[in-house]
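Hi everyone, thanks for making the time.

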Amino acid sequence: MPNQHVVPHGDKWAVRGAGNDKVTRITDTKREATGIARQISQNQGTELFIHGRNGRIQSRDSHGNDPYPPRG
């Protein structure tokens, strides 16, 4: 299961699985794309990478097997 990426797509935003040429979904806003990608990532237990307009990764979220789980 590929990690999910939120990436710029022209003047819109896209959700794309890592290694996929085709986007999963195109949205008007980054917030909407992030919400969709987060849901997919949580369902699949994968990581989420959120990119900025310049294409660089701004943040990431791990929904899989975190090697450093929080202690409680």
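This is a predicted model: local features need pLDDT of at least 70, side-chain atom pairs count only at pLDDT 80 or more; totals for chains, interfaces and linings use all residues.

Let's begin with Val6: its bridge partner in β4 is Ile50. That pair belongs to the contact between β1 and β4, which run parallel and are joined by 3 bridges. When I say that strands pair, I mean that DSSP finds at least two bridges between them.

Residues are numbered from 1 along each chain as its sequence is written, and side-chain values use heavy atoms, with hydrogens and water left out.

Now the overall layout. The chain has 1 helix and 5 strands, and along the sequence they follow the pattern β-β-β-α-β-β. In what order do the strands sit in the open sheet? The order is β3-β2-β1-β4-β5, and the pairing is mixed. At the edges stand β3 and β5 (57–62), each with a single partner strand, so one side of each has no neighbour in the sheet. On average, neighbouring strands of this sheet are turned by 20° against each other, direction ignored. For angles, axes are lines fitted to C-alpha atoms, for helices over the stretch in contact, and the values run from 0 to 180 degrees between N-to-C directions.

Let's walk through the other pairings. Strand β1 (residues 4–9) and strand β2 (residues 12–17) are antiparallel, with 6 bridges between them. Within that pair, Gln4 stands opposite Gly17, and Pro8 stands opposite Trp13. The two strands form a hairpin with 2 residues between them, and Gly10 in the turn has a positive phi of about 65°.

Trp13 also has a partner on β3, namely Thr27. There, β2 and β3 (residues 25–27) run antiparallel and are joined by 3 bridges.

Contact, here and below, means heavy atoms within 4.5 Å.

Next, what is inside? I call a residue buried under 20% relative accessible area, exposed over 50%, and partly exposed in between, using a 1.4 Å probe and protein chains only. Which residues make up the largest nonpolar core? There are 8: Val6, Trp13, Val15, Ala33, Ile36, Ala37, Leu48 and Ile50. β2, α1 and β4 (47–51) each supply at least two residues of this core, and the largest share, 3 residues, comes from α1. A nonpolar core here is a set of buried Ala, Val, Leu, Ile, Met, Phe, Trp, Tyr and Cys residues joined through side-chain atoms within 4.5 Å.

Back to β4 for a moment: 4 of its 5 residues are buried, so this strand is largely enclosed by the rest of the structure.

Ile36 touches Val15, Arg25 and Thr27. Thr34, in helix α1, is in contact with Val6, Leu48 and Ile50.

Is Thr34 buried or exposed? Thr34 counts as buried, because its relative accessibility is 11%. Ile40, also found in α1 (residues 30–44), is partly exposed, with a relative accessible area of 21%. Ile40 touches Gln4, Val15 and Thr24.

To finish, the chain as a whole. Buried residues make up 29% of its 72 residues. The chain exposes about 5000 Å², and carbon and sulfur atoms supply 45% of that; the areas come from the Shrake-Rupley method with a 1.4 Å probe, and for residues only the protein chains shown count as cover.

Technical notes: Lists of a residue's contacts leave out its neighbours within four places in sequence.
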